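Biologist: Could we go through this structure together? I should like to start with one of the helices and then move on to the ligand.

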Amino acid sequence: MDALLNRLKQQEDVVKELEAQLFDRPEFKDNRKLEELRVENEKLNYRANILVRNIEDLKKQKPQENVAGTKQDDNKDKKEATKKKQTETKQGDSKNNKHQSHAKPTEPNQNDNKNKKTATATTVAPIKTYFTAGAQGDSEHSYRILDTLVGLFEQAIRKAFPEDPTLPVLVVPGKQTDYQCNSAMSIAQKLTAAGKKIIPTDVAKIITEHLPAHEIIGKIEYSGPGFINITIAAAFVCEQVRKILLKGVLPPDVLELVGNHETQTKKKNARVVIDFSSPNIAKEMHVGHLRSTIIGDSLARLLEYVGFDVLRLNHLGDWGTQFGMLIAHMQDIYPEYKTKSPPISDLLSFYKASKQRFDSEPEFKQRAYECVVKLQAFDPDIIHAWKLICDVSRQDFEYIYKELDVKIIDRGESFYQNRMLDVVKQLDSKNLLKLEDGRKVMFLPDIDVPMTIVKTDGSFTYDTSDMATIQQRLMEENADWIIYVIDSGQALHMQSVFAGAKLAGWTEGKNVRIDHVGFGVVLGDDSKKLKTRAGEAIRLRDLLHEGIERSMAKLKEKDRHNVLTPEELVKAQKSVAYGCIKYADLSHNRNSDYIFSFDRMLDDRGNTAAYLLYAYTRIRSIARTAGVDHAVLKSMAQDIELNFDSEERELKLAKCIVKYPDVLTRVLDELLMHGLCEYMYQLATSFTEFYDRHYCVEKDKTTGEVRLNYRRILLCEATANVLKQCFEILGIQALERM
Ligand code: ARG
């Protein structure tokens, strides 16, 4: 498999190289045939990408070692243990296995079977997803086609084979066809095993006979041994496109998703707490935090868009031992700190200096420890010094958040100091803490390494603080859903905290979903951890600046500075730079490590933000050239006959547009953003295919008369609206002109 993967990757490079050499040659400019080949090539690239990703995903499913670096030192022994034993890095519940296909549960109690292994494809009962009812949409929600089909096929299968209510309902988006029901094979196997001999093709026929008539189903066909191919009705597709034009790009109704698999209740304004970004004070915010920031922000945007009440929390590392030495150092070099701002604008070198003293001056070390004790006892002077230090760091972080347009509320580790005292008391009273070599530890079911809750010197650890975060979020915030966006290196830590909360009884009687959204390491072009040439960790600020410079160079290369106004140019510069950085991160499966390469992300061919942003402006320019504005288009959408079924490429694009709610539902289920990026790319390619073939604005060569095809212009408008909403979810600023 590795060999195959390597070959695919090599071929991709070769193709890229050829493309670069060929397509940019001036004699090929405006060559229609070549343009078509390019589109074809892009599609092939796209497929190759999917293949590569599938292979990578398959590899992921195998036991693997944990690669990402983790935080705190108090977790060292735990990390060692992880390496030795770990076979599964994620939260240990059934979620890990879900979503081989989007399907309904077939065994009423399967959700209780925590930690069960996935069985082989043909016999496994699909795992329940978080989303079930409410698929049909209403005046405020869009229509989930896949879930509706799942519902219809479930009805049919239960009616056709009432003897076994656990028969699997497998409906998936199809490759050759719109959707596919793949249940027949396993149903035939199950029934035959139970003594009722039947072949898959017969099962398929019986299922379809019991299928209720429905507006979304256009055509049913059979293929292979019992596969049922479903074509969506064109009239239905057209009406959904009309709805987008009239009502806007509505979210799917997924609020009933809250819950822990076992029960699902619908709740308005369900509350989600999402912990992301979370850099450490006095230390540089690094690319790992960049990933958490980008992934967390886009998840939060998505959750807000579908209607959750979202609390975005920045769990700043603003407490603990390093503050002792920072404060002690400040007291020495700047005793007047209480009245004047201290010169610590370069906090990093300040940190280094204090660390050096800490390691070499015993007297200083002693005083640093005393400062920690005083800090944790909230001594006013020490707290004052601590605040000054935090403020300096925060300014730095704020710059990054402002540039990236990320909103987040600071609630650092310090917030939990008193709550940690309380957590220890509670755990003690429940007899959950054991004394081991002077430490208070908490053992957890099925996890080898216990959490350290109180250290020998009486201080708390990263474990303690996260036991406090989860308790606070469950009990005080009353969260229905809690998400931690932290690198995969901390998977065992998270797993322990989740198990700890359960053991402490804090989740009892609560219908809450809890996720660790992990992610891989950021690598440089050389596939090693991203570093500067000098081998130092890259500063985020510098990285963003480089992006800004490079994006301007790219825009100038394309002569945009002669087309756009200076303001538009600056806007485009930021949109492209940050859009590309974000998209490069989000378009890869977050579980994998990802290679950071400006060259690749700024390339406007292939699945990049640069490509999509240009595609978007191109679509927007169509209505502009035609001279019709949004309002006119909207009123037109009311009564125009919107049948896209006569032209294959129109219908294909329209179908892609209406798949949008399915895509979002799946992303919310798995919390994997690359699904949305793949969809955007698909949408843009379907658009190009359509636009290459069909005129929207046609000029008669002899009379000069301009004819507008409104149906097609409306299709463009709907495409652009959906793309725009996707950009918004990803936190990317899409521009009308670029
Ligand atoms: N500050 C930590 C780090 O840099 C991340 C904190 C994530 N949030 C949490 N609740 N543990 O690794």
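**Helix faces, ligand shell and loops**

Modeller: Helix α13 has a face turned away from its buried side, and that face carries the exposed residues Lys425 and Ser429. Please note that this is a predicted model.

Biologist: Which residues of α13 are buried?

Modeller: The buried residues in α13 are Gln417, Met420, Val423, Val424 and Leu427. They lie on the same side of α13, because the arc they cover around the axis is only 100°. An α-helix has 3.6 residues a turn, so residues three or four places apart point the same way.

Biologist: And how far apart are the end C-alpha atoms of α13?

Modeller: They are 19 Å apart. Helix α13 comprises 13 residues, 417–429, and should span 18 Å at 1.5 Å a residue, so the two values agree.

Biologist: Now the ligand, please. How many residues surround it?

Modeller: The ligand is surrounded by 11 residues, and the closest are Asp275, Asn280, His289, Tyr462 and Asp466. By class, this shell divides into 3 nonpolar, 5 polar and 3 charged residues.

Biologist: Which side chains have a polar atom by a ligand nitrogen?

Modeller: Two examples are Asp466 and Tyr462. In Asp466, a side-chain N or O atom is 2.7 Å from a nitrogen atom of the ligand. In Tyr462, a polar side-chain atom lies 2.8 Å from a ligand nitrogen atom.

Biologist: What about a backbone atom?

Modeller: Ser278 provides one: a backbone N or O atom of this residue lies 2.9 Å from a nitrogen atom of the ligand. On its own the ligand has 350 Å² of accessible area, and the protein covers 95% of that.

Biologist: Is Ala282 buried or exposed?

Modeller: Ala282 is buried, because its relative accessible area of 2% is under the 20% limit.

Biologist: Where does Phe378 sit, and what is its phi?

Modeller: Phe378 is in the loop between α11 (362–376) and α12 (380–404). Its phi is near 60°, which is again a positive value in a residue other than glycine. Phe378 is partly exposed, with a relative accessible area of 37%.

Biologist: What caps the N-terminal end of α12?

Modeller: Asp379 does: one of its side-chain oxygens lies 3.0 Å from the backbone nitrogen of Asp381. Helix α12 itself has 25 residues and reaches 35 Å from its first C-alpha to its last, close to the 36 Å expected at 1.5 Å a residue.

Biologist: And which residue follows α12?

Modeller: Asp405 follows α12, and its phi is positive, near 55°.

Biologist: How many residues of α17 are buried?

Modeller: Of its 21 residues, 15 are buried, and α17 is thus mostly covered. Helix α17 (residues 566–586) reaches 30 Å from its first C-alpha to its last, close to the expected 30 Å.

Biologist: One last item: which helix contains Glu728, and how far is Glu728 from Ser298?

Modeller: Glu728 is found in α24 (residues 710–730). Glu728 and Ser298 are 430 residues apart in sequence, yet their C-alpha atoms are 8.5 Å apart in space. Glu728 counts as partly exposed, at 39% relative accessibility.

How values were computed:
Residues are numbered from 1 along each chain as its sequence is written. This is a predicted model: local features need pLDDT of at least 70, side-chain atom pairs count only at pLDDT 80 or more; totals for chains, interfaces and linings use all residues. Side-chain values use heavy atoms; hydrogens and water are left out. A residue is near a molecule or strand if one of its heavy atoms lies within 4 Å of it. A polar contact is a pair of N or O atoms within 3.5 Å; within protein, one must be able to donate a hydrogen and the other to accept it, and residues adjacent in sequence count only if both atoms are side-chain atoms. Accessible areas come from the Shrake-Rupley method with a 1.4 Å probe; for residues, only the protein chains shown count as cover. Ala, Val, Leu, Ile, Met, Phe, Trp, Tyr, Cys and Pro count as nonpolar, Asp, Glu, Lys and Arg as charged, and the others, Gly among them, as polar. Helices (H or I, at least four residues) and strands (E, at least two) are DSSP runs, numbered from the N terminus. The expected span of a helix is 1.5 Å times one less than its number of residues. Buried means under 20% relative accessible area, exposed over 50%, partly exposed in between (1.4 Å probe, protein chains only). The arc is that of the directions from the helix axis to the C-beta atoms.
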